[in-house]
Amino acid sequence: MIGERERTQIQREYVDLFEIDASLDRLVKKIELLAYVNPLNIEKEKHHFFASKYTEDPLFRYPKLKFDPYKLHRLFFSQRLERIGDDEIRKLYQDIIYYYSNMVQCIETIGEGKRFYYNSLRVYGSPTERDVQNARFILHYADAPVSGDMEEIFGPEAAKSYFEDFAKRYDFPLNIKFSTHIAADAMVSNSSQALLIKRNTKFSKNQLLTLANHEIGVHLVTTYNGMLQPLKIFSNGFPKNVETQEGLAVFSEYMGGALTLKRLKELAYRVLASDSLIKGYGFSDTFDLIHNQYKLNRNDAFSITLRAHRGGGFTKDRLYLSGLRKIYKRYRQEVSMDNLLTGKVAIDYEGAIKRLLKLGLAEPITHNNKAYSQNLNTDKTLDFILNNLK
């Protein structure tokens, strides 16, 4: 750990870097994409879609922008990066500016169909043929018998109590809020350091364990580790951080004994739903693929379709499976995850993270993932599948 005197000296030596980092921090605070891309009228449109016998595509409404996109673009590109003397760090910040500029374009075109979809592709990419093959490989396995742990009997208040108890093993505060405007059953808001729980839903015991390992064990761990870093970009997020962060989070489910074949299939369906966007499928077509062809129940099929089609075509969900494959491979090679838990960072920038650590511009993690210390998975089918993903 760097002492206060050493940190002050480092900040004097890299004063230009810290000024640029602080400037970007003020700009990035305005653009949390998930705060804008989740529809405001999910339940109403879900009811209408089911009433139409799955033929009338939902018409989603989205939150209004709270910033001027053009002005924000201009401020991003006004940063004088030539003041950063270190080539590798300057390149990192160039990539960061392009990444967040693309994010702004995503947000300003939410609800505009293809315009949003193409902007989404620039940020999150599209599934590769290998991703699609891996998804189909997972889906050919027969479902496991349903156990009592899979019965959805816990309400939001019970979930809150469960998460509060789970979080006692971590040395950071747990701020829980209820929401009706999120696509997931629970998610972390990085900007408010809060765990959001969907108010109108029920949870199974396994789902609570899954969400606890995923949201608290990784997303809150990296949120709080990022906040402790000298540079704000660890908290705001590196380019391509979603694949790494979601891979770490699903891997936490696996190590914590929560990952099931059903959950793995959910990630596979998300890949196929993202792939359907490339094929030009509309909402009803993607729903038909998941519900009628793959026989997933209509509520789960709607949720997966919604996640892929929100905004006009959102490919973020395709990254969970590829992220898990990369993190699991790292685990098999016995490579430490610590660098990837320093904040909202990405495998692609591990070299830059190591350089920042060496220069004293980053600090080793304070909070670790408790599940990573012992593998509690007992499902041999999962091991076989993960070992054979391409």
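Predicted model: local features only at pLDDT ≥ 70, side-chain atom pairs only at ≥ 80, totals over all residues.

**Reading the labels**

Trainee: Why is H14 called oblique to H15?

Mentor: Helix H14 (residues 283-293) and helix H15 (residues 298-309) pack at about 140 degrees, their axes 9 Å apart. Under 35 degrees is roughly parallel, over 145 roughly antiparallel, 65 to 115 roughly perpendicular and the rest oblique, so H14 is oblique to H15. The axes are lines fitted to C-alpha atoms over the stretch in contact, with angles from 0 to 180 degrees between N-to-C directions. The helices themselves are DSSP runs (H or I, at least four residues), numbered from the N terminus.

Trainee: Which residues of H14 and H15 meet?

Mentor: Phe-283, Thr-286, Phe-287, Ile-290 and His-291 of H14 meet Arg-298, Ala-301, Phe-302, Thr-305, Leu-306 and His-309 of H15, with contact meaning heavy atoms within 4.5 Å. They divide into 6 nonpolar, 4 polar and 1 charged; Ala, Val, Leu, Ile, Met, Phe, Trp, Tyr, Cys and Pro count as nonpolar, Asp, Glu, Lys and Arg as charged, and the others, Gly among them, as polar.

Trainee: How do you know that H6 and H7 are roughly antiparallel?

Mentor: H6 and helix H7 (residues 114-124) pack at about 155 degrees, with axes 8 Å apart. That value falls in the antiparallel range, so H6 and H7 are roughly antiparallel to each other. Their crossing is left-handed. On the H6 side the contact includes Tyr-99, Asn-102 and Met-103, and on the H7 side Phe-116, Asn-119 and Ser-120.

Trainee: What makes H10 oblique to H12?

Mentor: Helix H10 (residues 205-227) and helix H12 (residues 241-255) pack at about 140 degrees, with axes 8 Å apart. So H10 is oblique to H12, and the crossing is right-handed. Among the residues that meet are His-214 and His-219 in H10 and Glu-246 and Glu-253 in H12. This contact divides into 4 nonpolar, 7 polar and 2 charged residues.

Trainee: Why does Lys-53 count as exposed, and what does Tyr-54 count as?

Mentor: Buried is under 20% relative accessible area, exposed over 50%, partly exposed in between (1.4 Å probe, protein chains only). Lys-53 has 66% relative accessibility, so it counts as exposed. Tyr-54, at 24%, therefore counts as partly exposed. Tyr-54 lies in the loop between H4 and H5, and Lys-53 is found in the loop between helix H4 (42-51) and helix H5 (69-76). Neither is a glycine, yet Lys-53 has a positive phi of about 60 degrees and Tyr-54 one of about 70 degrees.

Trainee: Which residues have the most contacts inside the largest nonpolar core?

Mentor: Phe-76, Tyr-93 and Phe-163, in a core of 115 residues. The largest share, 11 residues, comes from helix H6 (residues 87-108). A nonpolar core is a set of buried Ala, Val, Leu, Ile, Met, Phe, Trp, Tyr and Cys residues joined through side-chain atoms within 4.5 Å. Phe-163 touches Leu-174, Ile-176 and Leu-195, among others, not counting residues up to four places away in sequence.

Note on methods:
Residues numbered from 1 in each chain as written. Heavy atoms only, no water. Helix = DSSP H or I, 4+ residues; strand = E, 2+ residues; numbered from the N terminus. Left-handed = near helix turned anticlockwise from the far one by under 90°.
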